[in-house]
Amino acid sequence: MNTTRPIAILGGTGPEGFGLALRWAQAGETVIIGSRDARRAQDAAEKIKQRVGPSAKVSGSENVAACSAADLLVLTIPFEGHAALLKQLKPAIRPGSIVIDATVPLAASVGGRATRTLGVWQGSAAQQTAELAPKGVSVVGAFQNLGAELLNADGPVDCDVIVCSDDPNAGQVVRSLATKIPGVRAIDGGKLENARILEQITALLIGLNIRHKGHSGIRITGLPQAAYDVM
Ligand SMILES: NC(=O)c1ccc[n+]([C@@H]2O[C@H](COP(=O)([O-])OP(=O)(O)OC[C@H]3O[C@@H](n4cnc5c(N)ncnc54)[C@H](OP(=O)(O)O)[C@@H]3O)[C@@H](O)[C@H]2O)c1
């Protein structure tokens, strides 16, 4: 069953957001790609239509307009623009929205290595989002470990998605969305504070990709089947 809510992907012109948009458009979801430049967003939406077919429900808008048109929001922007974009979006974020944060605070954001993360005062990029988002909005950390190369390739991805949130209902919505990506098993990772660990795993995966020349992902084994089932 498709989510009836449109999904706005802020920073969706980059490889990570584009890959998520592609996968959800392939699954029949309604996707709005957000960008600082409406034209760039429309071009990205057009590329998705070319891959998925003319029936794909995908469009492109400037970030604030994309945000105003949806209540499922995904942040896929580099950490250096994270706080500033959230402040810009804040008046446009509707009460009851779910903000999914895939941002990783890589040290590369400040000229350091992509294999290291920065210390974020709140504990993680996702927790920074929780601090900056308006009241009545649920923040979910997810997709930090699902690489763009996997998303933009054809066929199922070989990666689990761990979903962290202080709002169990929002976590459930996002796990359901994650499993629309073929190959993904979505696992409840507990409270939003655990996003700190997910963000750090990404730095390790980048290091593994460089060392072994691959596109790594994660799989969590050994849990009861119920942990992998999404209602
Ligand atoms: N790439 C991956 O495999 C991967 C995997 C997991 C998680 N992530 C995380 O997901 C996020 C996006 O990754 P990405 O590789 O797609 O990043 P990216 O290409 O560097 O950036 C994504 C988009 O963000 C917008 N952007 C760039 N700088 C900005 C700024 N200062 N303020 C506002 N918007 C800005 C750009 O869109 P416009 O110019 O069109 O506005 C850009 O296309 C990052 O936090 C990354 O750590 C990435």
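**Buried residues and cores in a predicted model**

Ser97 counts as buried, at 0% relative accessibility; buried here means under 20% relative accessible area, with exposed over 50% and partly exposed in between, for a 1.4 Å probe and protein chains only. This is a predicted model, in which local features need pLDDT of at least 70 and side-chain atom pairs count only at pLDDT 80 or more, while totals for chains, interfaces and linings use all residues. Residues are numbered from 1 along each chain as its sequence is written, and side-chain values use heavy atoms, with hydrogens and water left out.

Let me stay with Ser97, which lies in the loop between α4 and β5. Helices (H or I, at least four residues) and strands (E, at least two) are DSSP runs, numbered from the N terminus. The side chain of Ser97 reaches the backbone oxygen of Arg94 at 2.6 Å. Leaving aside residues up to four places away in sequence, Ser97 touches Ala70, Asp71, Gly136, Val137 and Ser138, where contact means heavy atoms within 4.5 Å.

I turn now to helix α5. Six of the eight residues of α5 (residues 125–132) are buried, so this helix is largely enclosed by the rest of the structure. The buried residues are Ala125, Ala126, Gln127, Gln128, Thr129 and Leu132. What covers them includes β4 (72–75), α4 (82–89), β5 (98–101), β6 and α8 (195–212).

Next, the nonpolar cores. A nonpolar core is a set of buried Ala, Val, Leu, Ile, Met, Phe, Trp, Tyr and Cys residues joined through side-chain atoms within 4.5 Å. The largest has 43 residues, and those with the most contacts inside it are Trp24, Ile100, Phe143, Leu146 and Ile181. Helix α1 (residues 15–26) supplies the largest share of this core, six residues. A second, separate core of 22 residues includes Ala8, Leu86, Val137 and Val139.

Finally, which residues form an aromatic pair that is edge-to-face? Rings of Phe, Tyr and Trp (its six-membered ring) pair if their centres lie within 6.5 Å; planes under 30 degrees apart count as stacked, over 60 as edge-to-face and the rest as tilted. The count by this rule is one aromatic pair. Trp24 and Phe143 form it, edge-to-face, at 5.5 Å centre to centre and with 80 degrees between the planes. The pair links distant parts of the chain, 119 residues apart: Trp24 is in helix α1, and Phe143 is in the loop between β6 (138–141) and α6 (148–152). Trp24 is buried, with a relative accessible area of 0%, and Phe143 is buried at 2%.

How values were computed
A polar contact is a pair of N or O atoms within 3.5 Å; within protein, one must be able to donate a hydrogen and the other to accept it, and residues adjacent in sequence count only if both atoms are side-chain atoms.
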